[in-house]
Amino acid sequence: MAELINTGIPGVDEMCGGGIPESAVVIVSGSPGIGKSNFAMQYLYNGVEKYNEPGIYLTVEDVPEKVRAYAAAFGWDLEKYEKENKLAIVAQPIFGEEEEKKGKKKEDAGETLGEAIERIGAKRIVLDSVTLFKYLFKDDMSRRVNLLNFIKQVKDSGCTTMMVAEQHESTGDITYLDEHFLADGLILLFWSRHKEKNERCFRVVKLRGQKINPDIRPMEITEKGIMVYPTQVPLSLAEK
Ligand SMILES: Nc1ncnc2c1ncn2[C@@H]1O[C@H](COP(=O)(O)OP(=O)(O)O)[C@@H](O)[C@H]1O
Ligand SMILES: [Mg+2]
């Protein structure tokens, strides 16, 4: 049995049957604004702060300053841990093909994922987002190959990885993509409506090797971050 990694996000480890198996790749999927990036950052920050497990935030969406600012809104000081070599932000912004040809990508490139893993002895990795990551490559074939290579790289490193994925459906239904089949786990964050109220919901769809709680549970974003309530029923699903 693999060792379990705690997310430390209230309610989440319980829903996952105790935690996430070490070196698993888990997708956190949901529609824009639901809380995926916050969720992934909280997993990473808790790793550093509570469990002494260094982590890397690989972002395709934002520059590092923005990532630090979003985290700071919850009172999470990334810079402090960056200075201590316990946390690294690796930014891999999208470049157009033209720029790539001119060699801009190479000149601007900072530390690679592999270099950061070595430098801080990473145990956790976040990719935000796998959806945009795929657009770094120009055709379907190279997207698949590069996604497979990424998954192989993080698995070989022994790190436990969360990949953020955009999901356009706002309900609890899923459109299955390549990455869903490649991953060991799938967590879905979605909106559920009750009259005029929209409520955030949480569901573990799969987690290889774990006895999960597959039920739908309410989720909140508070000033301290994400909270999931494993014993509560969403308002929209409660019997009258
Ligand atoms: N302190 C807070 N309290 C409540 N909600 C917050 C707080 N800070 C951010 N949010 C919510 O987080 C949402 C964005 O979460 P984010 O993880 O960036 O979403 P996603 O990555 O799924 O697009 C915003 O829509 C905002 O409503
Ligand atoms: Mg996001």
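Visitor: Before we start, what counts as a contact here?
Guide: Two residues are in contact if their C-beta atoms, placed from the backbone, lie within 7 Å.

Visitor: And what kind of model is this, and how are things labelled?
Guide: It's a predicted model, where local features need pLDDT of at least 70, side-chain atom pairs count only at pLDDT 80 or more, and totals for chains, interfaces and linings use all residues. Residues are numbered from 1 along each chain as its sequence is written, while chains are lettered from A and ligands numbered from 1 in the order in which they are written.

Visitor: OK, so which residues is Ser37 in contact with, leaving aside its neighbours within four places in sequence?
Guide: Those would be Tyr70, Asp128 and Val164.

Visitor: Is Ser37 buried or exposed?
Guide: Ser37 counts as buried because it has 21 C-beta neighbours inside 10 Å. The cut-offs are 20 or more other C-beta atoms within 10 Å of its own for buried, 12 or fewer for exposed, and partly exposed in between, with C-beta atoms placed from the backbone.

Visitor: Where does Ser37 sit?
Guide: In helix α2. Helices (H or I, at least four residues) and strands (E, at least two) are DSSP runs, numbered from the N terminus.

Visitor: Switching to ligand 1: which residues surround it?
Guide: Ser37 again, along with Gly30, Pro32, Gly33, Ile34, Gly35, Lys36, Asn38, Ala73, Ile221, Thr222 and Glu223. The test is a C-beta atom, placed from the backbone, within 6 Å of the molecule.

Visitor: Which element gives the most to that shell?
Guide: α2, with three residues. Both α2 (36-51) and β10 (217-222) supply at least two.

Visitor: What about the sheet, how many strands has it?
Guide: Nine, in an open sheet with mixed pairing, ordered β5-β4-β6-β7-β3-β8-β9-β10-β11. The edge strands are β5 (87-91) and β11 (225-228), each pairing on one side only. Two strands pair if DSSP finds at least two bridges between them.

Visitor: How many bridges join β9 to β10?
Guide: Three, also running antiparallel, and Arg200 has Met219 in β10 as its bridge partner.
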